[in-house]
Amino acid sequence: MIYTKIIGTGSYVPKKMMTNDDLKEFVDTNDEWIYSRTGIKERHIVTDEETVDLAEKASLIAIEDAGIKPEDIDLVIVATVTPDNYFPGVSQLLQARLNLREVMTFDVNAACSGFLYVLNIADKMIKSGAYDTALIIGAETLTRLTDWRDRNTCVLFGDAAGAMIITKSDTNNIKDVICGSRGDVDDLLICKNVGIKDPVVNAVGMQDHIHMKGSEVFKFATRILPKTVNDLLDRNNMVLDDLDYIVAHQANERIISKAAKDLKFSMDKMFLNISHYGNTSAASVPLAIDQAIKSNYLKKGDKFITVAFGGGLTWGGALIEL
Ligand SMILES: CC(C)(COP(=O)(O)OP(=O)(O)OC[C@H]1O[C@@H](n2cnc3c(N)ncnc32)[C@H](O)[C@@H]1OP(=O)(O)O)[C@@H](O)C(=O)NCCC(=O)NCCS
């Protein structure tokens, strides 16, 4: 039986930091509103860096952390909704930057759930026996898609990348990964930008921005987060008490605390870093896991569930023992 385990993590955020007060320059908002509604105090945003730049820096740290050589990697999957090109993908750009072998590399678009999707895919590809060592990444520059005149959305997002190396193993550490989606409610969180419709007539295309029905997304998130945790526990004949921690997608502290309350799980065991980074989409979960491990919040032997939700609508969760 082939199992999988995490052998290295890394993360990176751009240098430029924007506080809630800095946002007043763009929109009618204030620190009190943003912090009390979301838990966000500041976020990091790109200036001249692109998504691949963030992915590269996070990957180099993860590779070093894993103690492997770049040539050991035989699979690269990048979760992003902010690729630098339609093609080549961030994964191919990254392959060149890291001097990897001529291995399979591809991008996955599942918005803020993206990292759970790439973890699910890589986990199953390694467990199939076809691949040995995967570099998986969530990397986003969502602030490049943000409408800086829309206070409903621009206060929420930040840029980051998180990377993870997973390999085949004799021990069962990545125990289960599940994902789901509902395309029928796509309009709750959407960014339409797929080229120009009727390009002969409309020679100049309009760049679209993120549109969100905030309170409906909130309701979806607070329902799907505990449901995904309970689904994972049921599938693995476990109960909540068997878990040491939950590392949830950092979209809104109120979503995380409502889920903890509904699950009857201590808030002390819900990892939080949202105040410093905001919602970094697909980077949120690997950034959180990397910081949780490096700060010794998560320790060897700990059992945790990581869970995310996002545009699509999409969601995913993983049960992991470190
Ligand atoms: C976006 C969100 C924080 C808004 O919080 P809310 O309590 O639902 O607030 P509402 O949207 O009802 O807005 C309340 C008021 O605040 C105003 N407001 C919205 N954004 C504001 C801001 N940044 N600063 C000040 N006021 C703001 C609204 O215009 C509204 O004013 P009105 O009552 O005069 O119309 C919340 O709905 C949320 O977090 N949703 C989930 C979003 C999410 O996680 N998306 C990503 C998923 S991956």
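Modeller: Let's start with what covers the buried residues of H4: the cover includes helix H3 (51–66), strand E4 (75–79), strand E5 (104–108) and strand E6 (133–140). Bear in mind that the model is predicted.

Colleague: Happy to. Which residues of helix H4 are the buried ones?

Modeller: In H4, which spans residues 90–97, they are Val 90, Ser 91, Leu 94 and Gln 95. Each of them is called buried because its relative accessible area is under 20%.

Colleague: And what makes the buried residues of H4 line one face of the helix?

Modeller: Looking down the axis of H4, the buried residues fall within an arc of 140 degrees, so they line one face. Just after H4 comes Asn 99, with a positive phi of about 55 degrees.

Colleague: Which element gives the largest share of the shell around the ligand?

Modeller: That is H7, with 4 residues. In total, 23 residues surround the ligand, and by class they are 10 nonpolar, 9 polar and 4 charged.

Colleague: H2 is among the elements that give two or more residues to that shell. How do you know that Asn 30 caps the N-terminal end of H2?

Modeller: A side-chain oxygen of Asn 30 lies 3.2 Å from the backbone nitrogen of Glu 32. With the limit at 3.5 Å, the pair therefore qualifies as a polar contact. Following H2 is Gly 39, whose phi is positive, near 85 degrees.

Colleague: One last one, on helix H8, where Ser 257 is found. Why is Ser 257 called partly exposed?

Modeller: Its relative accessibility is 28%. Buried requires under 20% and exposed over 50%, so Ser 257 falls in between. Its side chain reaches the backbone oxygen of Arg 254 at 3.3 Å. From Thr 222, Ser 257 is 35 residues away in sequence and 9.1 Å away in space, C-alpha to C-alpha.

How values were computed:
Residues numbered from 1 in each chain as written. Predicted model: local features only at pLDDT ≥ 70, side-chain atom pairs only at ≥ 80, totals over all residues. Heavy atoms only, no water. Buried < 20%, exposed > 50% of the residue type's maximum accessible area, 1.4 Å probe, protein only. Arc of directions from axis to C-beta. Contact = heavy atoms within 4.5 Å. Near = heavy atom within 4 Å. Nonpolar A, V, L, I, M, F, W, Y, C, P; charged D, E, K, R; others polar. Polar contact = N/O pair within 3.5 Å; in protein donor to acceptor, adjacent residues only side chain to side chain.
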